[in-house]
Every structure is written in C-alpha cells, then in structure tokens.
Amino acid sequence: MLFTENFTPELIVESPGRINLIGEHTDYNLGYVLPTAIEKTITFKFRKNNSSTQCNIFSLGYDVGFKLDLNNISRSDVEWENYLLGVLNELLKRTDKLRGFDIIIESKLPIGSGLSSSAALECGLAFGLNKLFDLGISNMDIVRLSQTAEHTFVGTQCGIMDQFASVMSQEGHVLLLDCKSLEHTQIPIAIAPYKMIMLNTKVSHNLASSEYNTRKKECEDGVRIIQKKYPEVMSLRDATLSMLEESAAEMSKTIYNRCLFIISENERVLATAKALQENNLELFGQLLYEAHQGISELYEVSCPESDFLVNFSKQYDLVLGARQVGGGFGGCVLHIVHEEEVDHYFAEATKAYKIRFDIDLDAFEVRPSSGTYIAYEV
Ligand code: GLA
C-alpha cells in the first residue's frame with residue numbers, strides 16, 4: 001500500500017514563494033534587495049514513521065515519490081529531489097536527532113516562473129523537520145543551510161535573497177535586506193488603488209543552466225579589475241560608479257555592463273525603498289522600468305517575451321511600471337496597475353501576446369505575505 005493512502009499528518013507547513021520588487025542579481029554581489037513572500041505556497045504534510053532512517057517523500061504535482069535512507073544521502077539524477085536531498089545533507093551535519101519520516105508535498109507555485117519555488121521547497125523541508133524533531137535550528141540557519149543545499153546539490157551558486165524572503169517575510173511588508181550585513185528592515189507597503197499584478201510569460205528558465213553562474217563569475221572578474229586601483233573593494237557592493245569608470249578601459253564591454261547594472265541596481269533598491277516610504281508611486285514605477293532596461297540591455301538576462309510585455313505596458317497610463325522578476329530568461333513580469341485598469345490591461349496584453357508568441361498569458365495578483373508558517377500541528 002502506498003504510504004500516501006490514509007495519510008494523517010502530524011504537522012502541516014506552508015512555505016511561500018517570493019517576489020522581488022527590485023534588486024535583481026544584487027544578492028550574490030552582497031548588495032540590496034527588496035523582496036517579500038507571496039500567498040502562493042508549497043504545502044508540506046509531515047509525519048514520523050517509526051523507522052530509524054527510512055523516509056518517503058511524495059509530490060502530488062509530479063504524481064511521483066521517492067524513498068531515501070538518512071544514512072545514505074547522495075545527489076539524484078532527478079532535479080527536484082536534489083533540493084530536498086541537499087537540505088537533508090545539511091541538516092545531518094547539524095544534528096543526530098533526525099529519524100524516519102513521510103512527507104506529502106503539494107505546490108501551488110508555478111515552477112520556473114521566477115517566484116522561487118526552489119527556496120520554498122528547501123526552506124519548507126528544513127522548517128518542518130526542525131519542528132517535527134525539535135532540532136533547535138534557528139530560522140537564520142534554515143535560510144543559510146537551504147542556500148548551501150542549492151550550491152552543493154543543485155549546482156546554482158545562488159545568493160541568499162530567496163531563502164531569506166521565504167522564511168523571514170511579514171504580511172503587508174517588503175523586506176529591505178542588506179545582503180552583506182544581513183541587516184533588514186520591514187517596510188510597510190500600501191499602494192492602493194494600485195495592485196501588483198504578475199503576468200506569467202510561460203517561458204521558463206533553468207537557473208542551473210550555465211548563465212546564472214556565468215553572471216556571477218563576470219561580476220567577480222569586474223571586482224578583480226576594480227581592486228587593482230581600489231584593493232578595499234571586496235564585492236560590487238563596495239564599488240561606486242566613479243571607481244567603475246576609472247577601471248573601464250581595462251575591462252571588456254561585457255564585464256563593464258554587468259558591473260554598471262549591479263552598481264546602479266543597488267542604488268535603485270534604496271531609491272525604491274524611499275519612494276515606497278514616501279508613497280511616491282510614480283517614481284516606484286519609473287524605477288521598475290529602469291531596472292528592466294538594465295536587466296535586458298546590460299545584464300542580458302531577459303528574453304523577447306518579457307521585453308515584449310514590459311514595452312507593451314508602457315502605452316498604458318494606468319500601468320506605472322513593469323519588470324521581469326527573478327533569475328531571468330522568462331518567468332513572471334511584475335506590473336503595477338491601477339485597480340480600474342487591471343481587467344482591461346490583462347485582456348489587451350493577452351490578445352497581443354497571443355498574436356506575437358502564440359501563448360496564453362496567465363495573471364494573478366500578489367500581496368506581501370507572511371514567511372514560512374505552521375498551518376496545523378497535533
Ligand atoms: C535567483 C537566485 C537569487 C537571486 C535571483 C536574481 O532567484 O536564487 O539568489 O540571485 O535569482 O536576483
């Protein structure tokens with residue numbers, strides 16, 4: 001009999017996806033980001049199974065499961081399993097209190113859409129097992145070990161933003177996070193009568209594919225060149241535009257563009273946080289458009305589908321701004337749209353996108369939501 005039949009959970013955890021308002025690819029450059037968790041979650045149902053090391057995990061979405069032995073954790077050929085195996089590998093370095101468990105996972109997060117289903121998967125598992133076996137691991141360590149799991153088992157050298165946002169967010173707020181010091185401020189966000197609307201391009205990226213790690217390396221190359229004149233610069237976070245200009249002649253155009261984007265993007269994050277605090281929504285929108293231009297032309301992680309939607313939105317006065325969110329090459333495009341324009345805008349964008357790409361757009365509203373939480377426990 002499948003373990004999923006007659007499954008009575010002891011613990012249910014909701015692990016959210018995230019959106020990032022602005023500050024893309026700045027996290028691994030130790031800069032600033034402005035993310036928040038969203039209402040869409042991955043649900044984890046946990047129970048202990050009385051075995052000492054045997055575990056079962058089943059995904060309702062993929063309609064497939066796998067078994068594992070806590071004494072023998074190694075990488076799998078199946079990508080989604082590695083997010084979980086990587087977390088177990090990290091937990092086992094920290095504790096000897098883990099025992100056999102069964103889990104059923106159900107995701108309401110579209111995969112590969114820039115909403116960080118990966119961090120939700122990692123952090124939800126770590127958070128739930130921490131609770132189920134009373135491991136005494138802090139939320140901050142859950143964030144860090146989940147990030148490490150992605151480096152070691154998945155192979156993406158990601159920054160800390162996604163895991164941090166998934167665990168640490170508060171309802172009604174965005175997180176201004178300094179990825180160097182990890183200091184963070186919860187900024188209340190109230191943008192009515194505007195709404196945050198995501199349009200899903202339905203074109204998917206694969207972060208493990210080389211581009212993400214290539215961008216990281218290009219930024220590190222830029223830092224090494226700037227360091228020749230400014231040895232105190234340890235990451236692009238420490239660099240200024242004038243330092244970059246002084247080193248420009250020694251860099252390829254590509255490295256220069258990557259650095260220019262990151263240094264300006266850090267400034268845009270701080271400007272956006274200020275605009276939100278002052279309720280300057282016009283400026284907020286304008287900064288989103290500027291960010292997308294950098295994503296597309298300087299950092300080159302956009303794609304024709306995302307560029308199309310961002311440009312299309314510019315004809316509408318009641319759309320204040322738009323940009324692609326997440327690692328890049330598709331996924332969702334965030335739009336700031338007046339509530340009276342949402343339906344009309346979506347209908348027009350859907351029509352135009354269908355003609356251009358023969359793909360049906362999806363749209364949903366996002367609201368800043370709480371980080372990982374317990375929905376049920378016995
Ligand atoms: C992915 C990574 C994050 C971050 C974003 C780009 O989501 O996991 O760490 O770098 O891309 O901002």
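Lys228 is exposed, at 62% relative accessibility. Exposed here means over 50% relative accessible area, buried under 20%, partly exposed in between, with a 1.4 Å probe and protein chains only.

A word on the source. This is a predicted model, where local features need pLDDT of at least 70, side-chain atom pairs count only at pLDDT 80 or more, and totals for chains, interfaces and linings use all residues. Residues are numbered from 1 along each chain as its sequence is written, and side-chain values use heavy atoms, without hydrogens or water.

Back to Lys228. Its partner is Glu250, in a salt bridge of 3.6 Å, N to O. Lys228 sits in helix α5 (residues 211-229) and Glu250 in the loop between α6 (241-247) and α7 (253-277), so the pair ties together parts 22 residues apart in sequence. Glu250 is partly exposed, at 41%.

The terms, quickly. A salt bridge puts a side-chain nitrogen of Lys or Arg within 4 Å of a carboxyl oxygen of Asp or Glu. Helices (H or I, at least four residues) and strands (E, at least two) are DSSP runs, numbered from the N terminus.

Next pair: Asp141 and Arg94, with the closest N and O atoms 2.9 Å apart. Asp141 is in helix α3 (residues 139-154), Arg94 in helix α1 (residues 79-94), so this bridge ties together parts 47 residues apart in sequence. Asp141 is partly exposed at 22%. Arg94 is also partly exposed, at 36%.

Then Lys108 and Glu14, bridged at 3.6 Å. Glu14 is buried, at 12%. Lys108 is partly exposed, at 42%.

Finally, the wider view. Glu211, Arg215, Glu218, Arg258 and Glu300 form a salt-bridge network. The structure holds 28 salt bridges.
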